[in-house]
Amino acid sequence: MFNVSKCAAVALVGLSAISISSCGSDNSRAEAATQLLNQADSLRQAGDCAGAIETINLLDSAYRDCLEQRRAARRLRAQVLYQVTIDSIEAFEEKNPAMEAALDSLRPLFKKVELKGTEGYYVFKKSFTGTEMNRTGIQARTDEKGYFFIAVSNTGRHIGLNALRYGSVQTVAVESMEVAGSEIMSIIQEAAADFAKAIMEAPAGKLKIELLGTKNNVSITLTAAEADAFRQTWRYSQLLQLYQLAIVRREKYERQRIAMSAMLDSIDANQM
């Protein structure tokens with residue numbers, strides 16, 4: 001939703017100067033086109049930028065012979081889009097400090113684990129022992145950009161390990177591999193999302209989950225600390241991804257602001 005006062009802050013120049021007879025000799029069409037233009041401007045002033053653009057589109061398609069009104073509508077469209085871009089930038093600036101503060105509070109809770117041949121990964125520091133994959137269990141991880149994944153290990157009888165389940169929710173099946181007599185697999189974020197959300201919504205305390213396989217299943221219990229580590233990792237990863245996305249969008253809006261400003265200057269120069 002766009003801020004009403006901000007959207008209305010962009011002034012449309014020259015509406016009152018439009019000729020009613022600018023659609024050839026058809027005064028009724030000129031009046032109808034001018035009414036649409038005024039309606040679009042009123043919607044802009046009311047903060048309904050989407051409605052203003054929709055009305056401008058209607059004018060542009062239904063009254064193609066009304067060149068004067070369409071020229072004014074072109075400038076109005078550019079003004080509305082420019083202000084939408086400014087509002088989007090300001091919305092980011094308003095939210096950015098809170099996002100950065102939240103990340104700053106979570107970042108010290110994580111430890112980077114170096115892994116030869118890779119960029120490493122981050123785990124929740126309090127629950128990290130370095131021996132998690134030497135036993136049957138799971139470990140939530142994230143990379144430096146917030147991409148979440150789950151490392152899974154089954155050190156007992158081979159079950160054809162391929163998924164995890166909590167309650168009625170399970171991960172998408174993936175292929176495991178055998179390493180030093182154990183079955184291990186990595187479940188990427190897209191395959192683990194529903195499972196992770198179910199863990200996030202689960203009651204605090206111990207959690208029973210299942211390692212699923214093509215031959216058998218194995219039940220394990222996450223301690224309260226392990227469940228908390230999982231939740232903290234998911235929370236951190238999602239916040240980090242949102243922040244990264246917000247940065248990309250901020251850069252996009254800034255480029256768009258420059259382009260829209262240049263377009264407005266060009267329109268004004270051509271109308272002189």
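1. What share of the 272 residues of the chain count as buried? The answer is 41%. Please keep in mind throughout that this is a predicted model.

2. On the overall layout, the chain has six helices and ten strands. Its radius of gyration is 29 Å, whereas the globule rule gives 19 Å for 272 residues, so the chain is more spread out than a compact globule. Along the principal axes, the C-alpha atoms fill a box of roughly 90 × 35 × 35 Å. Taking the contacts between residues at least 6 apart in sequence, 62% join residues at least 24 apart.

3. Let me turn to the sheet. Four strands make it up, in the order β6-β5-β9-β10, and the sheet is open with antiparallel pairing. β6 and β10 (217-222) are the edge strands, each with pairing on one side only.

4. Going through the pairs, β5 and β6 run antiparallel and are joined by two bridges. R165 has Q170 of β6 as its bridge partner. Four bridges link β5 with β9, again in the antiparallel sense, and here L164 stands opposite L211 in β9.

5. How many bridges does the antiparallel pair β9 and β10 have? There are six bridges between β9 and β10. L207 stands opposite L222 in β10, and the hairpin that joins β9 to β10 passes through three residues.

6. α5 lies across β5, β6 and β9, and runs at about 30 degrees to β5. α6 also packs on the sheet, where it touches β9 and β10, and its direction makes about 90 degrees with that of β10.

7. I checked the length of α5, which covers residues 189-201. At 1.5 Å a residue, its 13 residues should span 18 Å, and the end C-alpha atoms are 17 Å apart, which agrees. Where along α5 is the bend? It is at F195, and it amounts to about 30 degrees.

8. F195 is also among the buried residues of α5, together with Q189, A191, A192, A193, A196, A198 and I199. These buried residues pack against several elements: the strands β4 (148-154), β5 (161-166), β6 (169-170), β8 (182-188) and β9 (207-213), and the helix α6 (224-270).

9. A last point concerns a residue elsewhere in the chain. A40 belongs to helix α2, which covers residues 27-45. Is A40 buried or exposed? Its relative accessibility is 0%, and the cut-off for buried is under 20%, so A40 counts as buried. Leaving aside residues up to four places away in sequence, A40 touches A52, T55, I56 and L76. For a sense of distance, A40 and N57 are 17 residues apart in sequence, with 9.7 Å from C-alpha to C-alpha.

Conventions. Residues numbered from 1 in each chain as written. Predicted model: local features only at pLDDT ≥ 70, side-chain atom pairs only at ≥ 80, totals over all residues. Heavy atoms only, no water. Expected span 1.5 Å × (residues − 1). Bend = angle between axes of the 7 residues up to and from the residue. Buried < 20%, exposed > 50% of the residue type's maximum accessible area, 1.4 Å probe, protein only. Contact = heavy atoms within 4.5 Å. Pairing = 2+ DSSP bridges. Axes fitted to C-alpha atoms, helices over the stretch in contact; angles between N-to-C directions. Rg over C-alpha atoms; globule rule 2.2 N^0.38 Å.
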